[in-house]
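Hi,

Here is the structure I said I would pass on to you.

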Amino acid sequence: MYNNSVAINISDDESDDINGKKRARVRRKRKKFGFRGGKNNDFLRRMIKNLLRWWLFLLIIPAIGLLLFEASRMIGTTKPIHDSKTGGEKTDPVVVVVEAKPNLDNLTPTTRKINGTRRPCLELLPPEALEHLDIPVHGHASSHVKKVIYKSDLDAGNTTVFQRNTDTTRYNLFTGNQTLYEREQSFKVSETAEVHCGFYNENGGYRISDEDKAYMQTCKVVVSTCTFGGGDDLYQPIGMSEPSLKKVCYVAFWDEITVATQEAGGKKIGEDNMIGKWRIVVVKDLPFTDQRLNGKIPKMLTHRLFPLARYSIWVDAKSQFRRDPLGVLEALLWRRTSVLAISEHGARSSVYDEGKAVVKKNKATPEEVEIQLEQYRLDGFPDEKRFNGKKALSEASVIVRELTPLTNLFMCLWFNEVVRFTSRDQLSFPYVVRKLNMKNINMFPVCVRKDLVNSMGHKQKAKPLIN
């Protein structure tokens, strides 16, 4: 048999050649790119490593600093407040005041886009037409309410001393004691209405000098504001024509605390009882310890204070009125045949939602808000956001009205609700509107309100009266 195996001889030299070839194919290690130089190389390596690790924070920190800088420019600084105890000034760390200077005396119209075109929010007559604008001989109002009789206590006038309200009740000699039955009857409108409307007793407070009363009886058109407890500054009205200035009264109601606060700030009442364009009327013996409630008297009871006036414009003390009053009356009342124009609420439409917001912002206690809203539920007041196709909730910092029996009755009833429940008048406004079925109200949008006034914000809290 033959052997099929084949023998192949490999010499030592061939073996060395093969091994040499295998060694030649060994992979070399890649050189790492980096910095050379010993300690410098280590320092740079660590620096790059830290930059890669913390790069996000290095970007965020400058961004936060920029935001804080811009916020500080927008918010402004706190203002010094007069300290009645030391006679000096102190900075209230709680009250953050928006810087007013950029907005003060600003006459730039507020605009909005309508069908892609930017137009003024308030369409006033041209300046030449405003120069010749006059008060209509007859108003546009027609209502089934012809006369309003204000309840009073004439018999007790000489036997009862003045008392402010206590914590147990808001009623006093100024308000009278309206029963629930009287409240319900007051909403049943007829040609002649008899209602509580403040000034119930001559010893009820809110005393005004005979000189000021005589001046107020000369007013046919009045722009009014008030500051009680020294809470707000007085801003001079702007934007009116010279003929309008001669036909309109500008009246600011102050108490003695406000007089002292303003004089300490350099604003002194002249011998003619004027500061700029404002006639200052100093009120004594305010009837409520709650200064917000005292402020509702000139706000809502203008017809009781100015018995011969035909038109009124109310402006909250935190704002500067900046339009011609007669032009405003023409645009918001006469042109629309309305008897009442009021700024609508910008954030909410439901009175029940507003009640929650009032409690959340500590504007009133949960108990008093619940009592009011529960009464409204019992009275069948619905949770509807619109009435007669209009937004029902008002912001009420600007009120323009013709002083007619109907609007006078409306304001009396609104004031009574504020006295009975909470001083947050936004809660009671929609209720009174629905109960009286007020239809000819001009609920103007926030855009128009911003055109009417320069808003400065409240400067500090009003000082409460001590009972």
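Count the bonded cysteines along the protein chain, and the disulfides follow the pattern 1-6, 2-5, 3-4. There are three disulfides in the structure. Keep in mind while you read that this is a predicted model. In case the term is new to you: a disulfide is a covalent bond between the sulfur atoms of two cysteines.

Let's start with Cys-121 and Cys-447, which are joined by a disulfide with an S to S distance of 1.4 Å. Which parts of the chain does this pair tie together? Cys-121 sits in the loop between strand 4 and helix 3 (127-131), while Cys-447 belongs to helix 15 (residues 446-452), so the link connects parts that are 326 residues apart in sequence. Are these two cysteines buried or exposed? Buried is the label for anything under 20% relative accessible area. Cys-121 has 5% relative accessibility, so it counts as buried. Cys-447 has 16%, so it counts as buried too.

Next come Cys-197 and Cys-412, joined by a disulfide with S to S 2.0 Å. Their link is left-handed, with -80 degrees about the S-S bond. Cys-197 is in the loop between strand 6 (192-195) and helix 5 (210-216), and Cys-412 is in helix 13 (residues 405-420), so this pair ties together parts 215 residues apart in sequence. Cys-197 is buried, at a relative accessible area of 1%, and Cys-412 is buried at 0%.

That leaves Cys-219 and Cys-249, whose sulfur atoms are 2.2 Å apart in their disulfide. With -100 degrees about the S-S bond, this link is left-handed. Cys-219 lies in the loop between helix 5 and strand 7 (221-227), and Cys-249 lies in strand 8 (residues 248-254), so the parts tied together here are 30 residues apart in sequence. Cys-219 is buried with a relative accessible area of 0%, and Cys-249 counts as buried at 9%.

**The sheet**

Strand 8, which holds Cys-249, is also part of an open sheet. How many strands form that sheet, and in what order? Eight strands do, in the order 9-10-8-7-11-16-13-17, and the pairing is mixed. The edges are strand 9 (274-275) and strand 17 (441-444), each of which pairs on one side only.

If you look for Val-251, its bridge partner in strand 10 is Arg-279. Cys-226 is worth a glance as well: it is buried, with a relative accessible area of 11%.

**Helices**

Helix 14 (residues 425-436) lies across strand 13 (340-344), strand 16 (394-402) and strand 17, and it runs at about 50 degrees to strand 16.

Now go back to helix 13, the one with Cys-412 in it. Helix 8 (residues 291-300) packs with helix 13 at an angle of about 175 degrees, and their axes are 10 Å apart. Angles over 145 degrees count as roughly antiparallel, so helix 8 is roughly antiparallel to helix 13. Which residues meet there? From helix 8 there are Leu-293, Lys-296, Ile-297 and Met-300, and from helix 13 there are Met-411, Trp-414, Phe-415, Val-418 and Val-419. Sorted by class, the contact has eight nonpolar residues, no polar ones and one charged residue.

Helix 7 (residues 256-264) contains Val-259, which is buried at a relative accessible area of 14%. Leaving aside neighbours within four places in sequence, Val-259 is in contact with Trp-254, Ile-269 and Val-282. The C-alpha atoms of Val-259 and Val-282 are separated by 7.9 Å, and the two residues are 23 residues apart along the chain.

**One hairpin to finish**

Strand 3 (residues 111-114) and strand 4 (residues 117-120) run antiparallel and are joined by four bridges. Ile-114 stands opposite Thr-117 in strand 4. This hairpin has two residues between the strands, and Asn-115 takes a positive phi near 55 degrees.

Cheers

Key
Residues are numbered from 1 along each chain as its sequence is written. This is a predicted model: local features need pLDDT of at least 70, side-chain atom pairs count only at pLDDT 80 or more; totals for chains, interfaces and linings use all residues. Side-chain values use heavy atoms; hydrogens and water are left out. Two strands pair if DSSP finds at least two bridges between them. A disulfide is a pair of cysteine sulfur atoms within 2.5 Å. Buried means under 20% relative accessible area, exposed over 50%, partly exposed in between (1.4 Å probe, protein chains only). Axes are lines fitted to C-alpha atoms, for helices over the stretch in contact, and angles run from 0 to 180 degrees between N-to-C directions. Angles under 35 degrees count as roughly parallel, over 145 as roughly antiparallel, 65 to 115 as roughly perpendicular and the rest as oblique. Contact means heavy atoms within 4.5 Å. Ala, Val, Leu, Ile, Met, Phe, Trp, Tyr, Cys and Pro count as nonpolar, Asp, Glu, Lys and Arg as charged, and the others, Gly among them, as polar.
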